[in-house]
Amino acid sequence: MKFDHNLHQEQQEKEQTVVIPSEENMCRTIEVAIIEPPSQPQVLPAVKLTPPPTTVNDDEEMFIPPLNFAMVDNGIFRSGFPNSTNFSFLQSLSLRSIIYLCPEPYPEANMDFLMANGIQLYQFGIDGAKEPFVNIPEDTIHEALKVVIDARNHPLLIHCKRGKHRTGCLVGCLRKLQRWCLTSVFDEYQRFAAAKARISDQRFMELFDTSSFKHLPMPFSCSKRIRAHSLYPDSACQRTQKQGS
C-alpha cells in the first residue's frame, strides 16, 4: 500500500490549527472589589448636648406670690400668710394696706417689711378653730369690710394663715355687698377651701347682715366708683403698730 506523505502532512496541520477568536467573541474580565466588614461594629463617641449658656442679670429678682394668692377686685387681693420669699412680689403690688385676720402677733420680719414700704396693718383677730367650734364674730367682719371698701386703703391685701376660711368669709361677705348670688359666692369660697370647705363658713356668709351697708352704692367693682371713706371717716378697726421689738 502506497502511503501518501503529503496527505498525511496536511491532515496533521489541520489538527494543529488553533482557532483564534475575534475581539468581539473574547471574554471580558470584570474586576470586583471585595470589602470585608470590620470584625466589630464602629461605635461613634457619645455627644453631650448642652443648652446655650444663659446670662442672668443680678438685678433681676424672682417674684413669688404668697400661697393662694388671687385678685379679688381692682386694688383688692387675697392670699395666705406671706413670708420673706414673697416680699419682692408684694412690693410690685404697691400695697397701701394689709388686713390680717389672725389673733397671733404679726412676725417681726413682716412688720419690718411693712414699715420699710409704708404699708398700714389692720389686724382683726378671728380664732381659727375647727368645726364644730368655729366662731366668726359678725361685728369683726363688719369692721373689716369698712376697711376693704375704703378706697384710701387700696391697693390692699387680705390674708389669714392659709387664705381659705377666714379670708374666704370676708371675701364672701364682700361679694354679698356686690350683689353676687349665693351660688357664685360659695363657688369662689370652695375654689380656695377645696376639701377643707366648712358648712359653718357658708352658713355665716348666707346669714350675714348687709343692711348697715344698704345706703352705699355698691357696683361690681367697688374700687372704681365707691367712696366709702367719705361715709366712714372714723373706722373703728384695730390698727396694729409695731411697738418695741
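**Close-up 1. L157 in strand β5.** At 0% relative accessibility, L157 counts as buried (under 20% relative accessible area; over 50% is exposed and in between is partly exposed, with a 1.4 Å probe and protein chains only). L157 is found in strand β5. The model is predicted: local features need pLDDT of at least 70, side-chain atom pairs count only at pLDDT 80 or more, and totals for chains, interfaces and linings use all residues. Residues are numbered from 1 along each chain as its sequence is written, and side-chain values use heavy atoms, with hydrogens and water left out. Strands (E, at least two residues) and helices (H or I, at least four) are DSSP runs, numbered from the N terminus. L157 touches F69, F77, R78, S79, L90, L95, S97, I98 and I99, leaving aside residues up to four places away in sequence. Contact here means heavy atoms within 4.5 Å. From L157 to I98 the C-alpha atoms are 4.8 Å apart, although 59 residues separate the two in sequence.

**Close-up 2. The open sheet of 5 strands.** The strand order is β1-β2-β5-β3-β4, and the pairing is mixed. Two strands pair if DSSP finds at least two bridges between them. β1 and β4 are the edge strands, each pairing on one side only. On average, neighbouring strands are turned by 25 degrees against each other, direction ignored. For these angles, axes are lines fitted to C-alpha atoms, for helices over the stretch in contact; angles run from 0 to 180 degrees between N-to-C directions.

**Close-up 3. Strand β2 and its two partners.** Strand β1 (residues 70-73) pairs with β2 in the antiparallel sense over 3 bridges. A70 has R78 of β2 as its bridge partner. The two strands form a hairpin with 2 residues between them. In the turn, G75 has a positive phi of about 85 degrees. With strand β5 (residues 156-159), β2 pairs in the parallel sense over 4 bridges. I76 stands opposite L156, and R78 stands opposite I158. In a regular strand the side chains alternate between the two faces of the sheet. Both faces of β2 (residues 76-79) are covered. I76 and R78 are buried on one side, F77 and S79 on the other.

**Close-up 4. The largest nonpolar core.** This core has 47 residues. Such a core is a set of buried Ala, Val, Leu, Ile, Met, Phe, Trp, Tyr and Cys residues joined through side-chain atoms within 4.5 Å. I99, I141, L145, I158 and L170 touch the most other members. Helix α5 gives the most to the core, with 6 residues. L170 touches I99, L101, I141, A144, L145, V148 and I158, again leaving aside residues up to four places away in sequence.

**Close-up 5. Helix α3 and its buried face.** N110, M111, F113 and L114 are buried in α3 (residues 108-116). Seen down the helix axis, the buried residues fall within an arc of 160 degrees, so they line one face. The arc is that of the directions from the helix axis to the C-beta atoms. The buried residues pack against α2 (87-92), β3 (97-100) and β4 (120-123). M115 and A116, on the other side of α3, are exposed. Just after the helix, G118 takes a positive phi of about 65 degrees.

Close-up 6. The side chains of R175 and E188 meet in a salt bridge, 2.8 Å from N to O. R175 lies in α5 (residues 166-177) and E188 in α6 (residues 182-193), so the pair ties together parts 13 residues apart in sequence. A salt bridge is a side-chain nitrogen of Lys or Arg within 4 Å of a carboxyl oxygen of Asp or Glu. R175 is buried, with a relative accessible area of 3%. E188 is buried too, at 7%. The whole structure holds 3 salt bridges.

**Close-up 7. Salt bridges E143–K146 and R152–D150****.** E143 pairs with K146, and their closest N and O atoms are 3.3 Å apart. The two residues are 3 apart in helix α4 (residues 138-148), a separation of about one helical turn. Both E143 and K146 are buried. R152 forms a salt bridge with D150, with the closest N and O atoms 2.8 Å apart. R152 counts as partly exposed, at 42% relative accessibility. D150 counts as buried, at 5%.
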